[in-house]
Amino acid sequence: VEVIPANERPAYDVFRYGGSYYAYNDNRWYSSNRETGNFTLIDDRSVPSELTRVPREHWRNYPSQWQDQGQKGTPPGLEKKGGNPPGQEKKHGR
């Protein structure tokens, strides 16, 4: 997970993971292929579980739904999907 530095992002949290950008603003998640635009609203279950590993000091607004789960907890719903990034299915075998 790459944290987009505060001086390079708007007034909300932006992270890059798996070739996509994830923004968190007003208790909602958004995703885009570009850092600077065309963010679309996504379901909390589509957020990669790896984002839960970003230390709180790197956030402007830590997700309220993660507060009680601790820094390494899996957000609600992600455990059902296995926490895979959007568009990436689990690979079996090799």
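Read along the sequence, the chain follows the pattern β-β-β-β-β-α. That makes 1 helix and 5 strands in the chain. Both kinds of element are DSSP runs numbered from the N terminus: helices are H or I with at least four residues, strands are E with at least two. The model is predicted, so local features need pLDDT of at least 70 and side-chain atom pairs count only at pLDDT 80 or more, while totals for chains, interfaces and linings use all residues. Residues are numbered from 1 along each chain as its sequence is written, and side-chain values use heavy atoms, with hydrogens and water left out.

**The sheet**

The strands form an open sheet of 5, in the order S1-S2-S3-S4-S5, with antiparallel pairing. Two strands pair if DSSP finds at least two bridges between them. S1 (2-3) and S5 (40-42) stand at the edges. Each has a single partner strand, so one side of each is left without a neighbour in the sheet. S2 and S3 run antiparallel and are joined by 5 bridges. Aspartate 13 stands opposite tyrosine 24 in S3.

**The loop between S3 and S4**

Strand S3 (20-25) leads by a loop to strand S4 (28-32), and aspartate 26 is found in that loop. Asparagine 27 lies there too, between S3 and S4. Neither residue is a glycine, yet the phi of each is positive.

| Residue | Phi |
|---|---|
| Aspartate 26 | about 55° |
| Asparagine 27 | about 60° |

Most residues other than glycine have a negative phi. Aspartate 26 is also exposed, with a relative accessible area of 65%. Exposed means over 50% relative accessible area, buried under 20%, and partly exposed in between, with a 1.4 Å probe and protein chains only.

**The core**

The largest nonpolar core has 12 residues, among them Phe15, Tyr17, Tyr22, Trp29, Ile42, Leu51 and Trp66. Such a core is a set of buried Ala, Val, Leu, Ile, Met, Phe, Trp, Tyr and Cys residues joined through side-chain atoms within 4.5 Å. Strand S2 (13-17) and S3 are the elements that give two or more residues to this core.

**The whole chain**

Of the 94 residues, 36% count as buried. The accessible surface of the chain comes to about 6100 Å², and 41% of that belongs to carbon and sulfur atoms. Accessible areas come from the Shrake-Rupley method with a 1.4 Å probe; for residues, only the protein chains shown count as cover. Contact means heavy atoms within 4.5 Å. Among contacts with a separation of 6 or more, 39% involve residues 24 or more positions apart.
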